[in-house]
Amino acid sequence: MPVEMGRERFEELVSEALDEVPPEFAKAMDNVVVLVEEFNDEAPDILGLYHGIALTERTSSYGGVLPDRISIYRQPILAMCEDEDEVVEEVLITVVHELGHHFGIDDARLHELGWG
């Protein structure tokens, strides 16, 4: 049974997950915004998605572009969790996973590091 949680509380959990990012990584985040969305229309079961150009792929011609986006999808996360503690853990994992993509880390390496 999915966890019942309002959008405001879920957004708080995303914010708390971002607060867990080590300061040296937080300082290195560049031109990226993290958003909460209900689900992804094209892949409704995914938990998060990075839309943008990873820091490792940016060249000297990078500039004047809209911020990269990290979408954290509320409904799929709530659907897979049994209680709020699991939601907290899954939100943290998803936020770190998508931030990893911002820093140029691929899925295989993120899974190796435990942020799958």
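Predicted model: local features only at pLDDT ≥ 70, side-chain atom pairs only at ≥ 80, totals over all residues.

Student: Why is His-101 called buried?

Tutor: Its relative accessibility is 18%. Buried means under 20%, so His-101 falls on the buried side. The residue is part of helix H4, residues 84-102. With neighbours within four places in sequence left aside, the contacts of His-101 include Tyr-50, Ala-54 and Leu-110.

Student: Is Arg-58 buried or exposed, and how do you know that?

Tutor: The relative accessible area of Arg-58 is 15%. That is under the 20% limit, and therefore Arg-58 is buried. Its place is the loop between strand E2 (48-51) and strand E3 (68-73).

Student: What makes a polar contact with the side chain of Arg-58?

Tutor: The side chain of Asp-68 does, at 2.6 Å, which is within the 3.5 Å cut-off. Beyond four places in sequence, Arg-58 is in contact with Asp-68 and also with Asp-30, Asn-31, Tyr-50, Ile-53 and His-102. Tyr-50 is also among the contacts of His-101.

Student: Why is Ala-26 called partly exposed?

Tutor: Ala-26 has 39% relative accessibility. The class covers values between 20% and 50%, so Ala-26 belongs in it. Ala-26 sits in helix H2, residues 23-28.

Student: How do you know that the radius of gyration agrees with a compact globule?

Tutor: For 116 residues, a compact globule would have a radius near 13 Å; the protein has 14 Å, so the two agree. The box filled by the C-alpha atoms is roughly 50 × 30 × 25 Å along the principal axes.

Student: How much of the protein is buried?

Tutor: Buried residues account for 34% of the 116. The accessible surface is about 7,100 Å², with 51% of it belonging to carbon and sulfur atoms.

Student: In what order do the elements run?

Tutor: The protein has five helices and three strands, and from the N terminus the order is α-α-β-β-β-α-α-α. Of the contacts with a separation of 6 or more, 71% join residues 24 or more positions apart.

Notes. Residues numbered from 1 in each chain as written. Heavy atoms only, no water. Helix = DSSP H or I, 4+ residues; strand = E, 2+ residues; numbered from the N terminus. Buried < 20%, exposed > 50% of the residue type's maximum accessible area, 1.4 Å probe, protein only. Contact = heavy atoms within 4.5 Å. Rg over C-alpha atoms; globule rule 2.2 N^0.38 Å. Areas by Shrake-Rupley, 256 points an atom, 1.4 Å probe, with all protein chains shown as cover. Polar contact = N/O pair within 3.5 Å; in protein donor to acceptor, adjacent residues only side chain to side chain.
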